[in-house]
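Q: Could you take me through the features of this model one at a time, giving the general idea before the case at hand?

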Amino acid sequence: MDERPTWEPEAWGSSGGWPVPQEARAGPSLSSVLNELPSAATLRYRGPGVLPWGASEEEEEDGERNIQAIAEATQKELEEPLPSRELPWPMQARRAHRQSHARDQVAQGSGSRSAQWALRLRRSKEKMKAGLSTLQPWSWTLKRIGVLKACMTLLPTWLEGTPPGPPGPDISSPCGFYNPNPQGLVTFPTHLFNLLSGEGFLEWSPLFYGFYPPRPRLAVTYLCSVFVIGLLYLLLILHRSVSGLKQTLLAESGTLTSYSHRVFTAWDFGLCGDVHVRLRQRSILYELQVELEEAVVRRQAAVRTLGQQARVWSVRILLNLLVLALLGAAFYGVYWATGATVELQEMPPVQQMPLLKLGVDYLPSIFISGVNFLLPPVFKLIAPLEGYTRSRQIVFILLRTVFLRLASLLVLLFSLWDQITCGGKAEAEKCKICGYNFKELPCWETRLGQEMYKLLLFDLLTGVAVMLLIQFPRKLLCGLCPGALGRVVGTQEFQVPDEVLGLIYAQTVVWVGSFFCPLLPLLNTAKFLLLFCLKKLTLFSTCSPASRTFRASTANFFFPMVLLLGLAISAVPVLYSIFLIPPSKLCGPFQGQSSIWAQIPESISSLPQTVQNFLFFLGTQAFAVPLLLISSILMAYTVALANSYGRLISELKRQIETEARNKVFLAQRAVALSSANGAP
């Protein structure tokens with residue numbers, strides 16, 4: 001019988017976890033062997049502060065010296081650029097780096113002074129661009145769109161002359177009079193309350209619809225800007241949704257959700273610092289737990305009896321009825337607050353007290369923000385009782401939160417339109433003369449813009465108040481009370497899905513209000529910048545990582561679809577206002593028109609006859625039918641091509657599975673043969 005090396009419990013390699021035979025103690029250590037592996041090259045991407053594999057306890061105690069040495073090596077590598085193929089970058093970035101490096105070598109080898117100056121100038125531009133990118137919290141698309149909206153409305157207003165002032169009280173009209181400028185001496189508190197409510201000096205300003213004069217060119221530009229920017233938003237969201245769908249389908253396929261992918265390829269070797277390492281470990285652990293729990297739940301659901309199925313579905317039905325009751329109560333509260341605002345504003349005590357009047361003006365915004373703040377935690381308590389997996393629980397919580405936020409906004413708009421159109425009764429006394437409720441809302445477009453302005457402003461104030469009054473005191477209480485009370489209170493978890501849904505809700509408000517408040521996108525951009533800085537501060541100082549995360553692969557498609565839903569919902573009230581409700585007779589660029597859209601045919605009639613014939617041809621069946629046929633053919637071709645690609649992908653997947661089974665079979669045969677040959 002051949003002698004085998006003996007193992008001792010105390011004989012451990014330098015890594016602290018791998019036993020080594022006695023004969024191998026004098027040979028190379030496990031640390032040196034591991035550092036010779038090709039994967040050890042990823043050490044250079046970990047950054048300074050991360051010790052090599054197999055570091056002993058003595059080396060860890062002397063960590064400062066090692067960190068300094070690694071920092072010097074890293075600085076040397078930065079001064080001497082690596083080859084493009086060794087950089088942990090995508091292929092496109094590697095190609096650009098290789099081309100830039102080649103240009104630098106050509107410039108250095110030429111020896112001419114102009115080439116040297118061109119090289120220095122290009123490097124300075126790259127450094128400046130990198131410095132500016134650090135100041136950019138997100139893509140500049142929102143800022144560009146906001147500036148585009150402002151330019152398309154403000155420039156035509158002043159190019160044709162100074163806009164006239166508001167109509168005076170002596171101007172007689174069948175639809176009453178409208179004079180938003182306050183009369184007499186206005187105190188500073190009144191100015192402050194007007195700034196918060198959008199009334200007073202702000203009501204007749206470029207911020208709102210009523211300020212813009214009735215000029216044909218301005219009216220066409222004002223209306224076209226809405227459709228152009230809406231189409232731009234639609235194309236951007238569809239592009240993002242399609243790319244996110246591709247990533248979701250790839251990530252949710254069986255080849256990438258297997259346990260082998262989580263175990264062997266989920267680690268990021270570019271992490272720096274213990275905190276990031278622990279967060280990544282926690283994320284991988286949570287993903288494995290979700291996978292295992294879903295497998296357990298599927299097995300349990302497969303063996304349930306009919307009585308158990310009935311009990312589970314009864315609990316789910318009751319909980320969903322509870323959710324519907326909570327949502328119904330919230331929507332009724334928003335509807336009541338919107339209707340009661342007009343009645344409360346007419347009461348003498350409210351008119352005499354500016355602070356109370358401001359509270360009444362903000363009553364719908366308070367109700368909407370209140371239900372959006374209180375009900376999502378209730379949804380989080382209800383979701384675990386339904387017996388779903390963790391991933392499905394998060395999806396249900398997000399869907400209910402999305403429905404709450406968007407539907408509450410729709411209820412507010414419905415109640416406002418009910419006031420404007422007298423409940424849809426055109427023959428009502430208040431709406432019979434002008435087609436809208438001119439007594440309570442002489443400039444109803446500005447009133448809608450004020451409501452969206454107050455929603456945006458109150459959302460900002462609510463976010464700042466939550467940070468100052470809830471998150472910071474909670475962090476202090478958790479730090480000052482390390483016992484049971486501190487553990488019960490805990491630090492607030494930073495939930496990325498909730499933050500994203502808040503951004504989508506704010507963007508939906510801007511989409512609804514941008515027609516009635518043209519400068520609202522610019523205000524929303526400033527609000528996003530401020531909230532971004534504040535939330536970044538609270539994230540690193542008061543919040544802890546989320547214990548339950550939303551899969552990034554699902555988020556790539558889920559959130560763009562929710563944003564697309566918000567765009568569709570916002571388009572309904574805007575298009576309804578453009579095509580069906582008569583514009584105000586005393587304010588805005590569409591005075592005297594039967595509808596806002598009527599300005600477009602009137603403007604087309606002033607164009608040359610050839611242009612008129614072409615534009616009217618675009619709206620006839622002779623153009624629409626061929627366009628529909630061509631679109632159908634292209635769609636059928638795309639579907640057929642997608643089906644062929646799908647069959648090809650399925651065949652390739654089957655081949656991969658067959659190869660995997662072959663490898664497992666060969667490995668089993670190799671183990672069996674080696675065991676047979678090694679047996680005495």
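Q: Is valine 611 buried, partly exposed or exposed?
A: Buried means under 20% relative accessible area, exposed over 50%, and partly exposed in between, with a 1.4 Å probe and protein chains only as cover. Valine 611 has a relative accessible area of 35%, so this residue is partly exposed, and its place in the chain is helix α22. Helices here are DSSP runs of H or I with at least four residues, strands are runs of E with at least two, and both are numbered from the N terminus.

Q: What should I keep in mind about the source of these values?
A: This is a predicted model, in which local features need pLDDT of at least 70 and side-chain atom pairs count only at pLDDT 80 or more, while totals for chains, interfaces and linings use all residues. Residues are numbered from 1 along each chain as its sequence is written, and side-chain values use heavy atoms, with hydrogens and water left out.

Q: How many disulfides does the model hold?
A: A disulfide is a pair of cysteine sulfur atoms within 2.5 Å, and by this rule the count is two. One joins cysteine 422 to cysteine 431, with 1.8 Å from S to S, and with 85° about the S-S bond this link is right-handed. Cysteine 422 counts as buried at 16% relative accessibility, as does cysteine 431 at 1%.

Q: Where in the chain are cysteine 443 and cysteine 587, and why is their disulfide right-handed?
A: The sulfur atoms of cysteine 443 and cysteine 587 are 1.9 Å apart, and the torsion about their S-S bond is about 95°, so the disulfide is right-handed. The pair links distant parts of the chain, 144 residues apart: cysteine 443 is in the loop between α15 (390-420) and α16 (444-480), and cysteine 587 is in the loop between α20 (552-579) and α21 (599-604).
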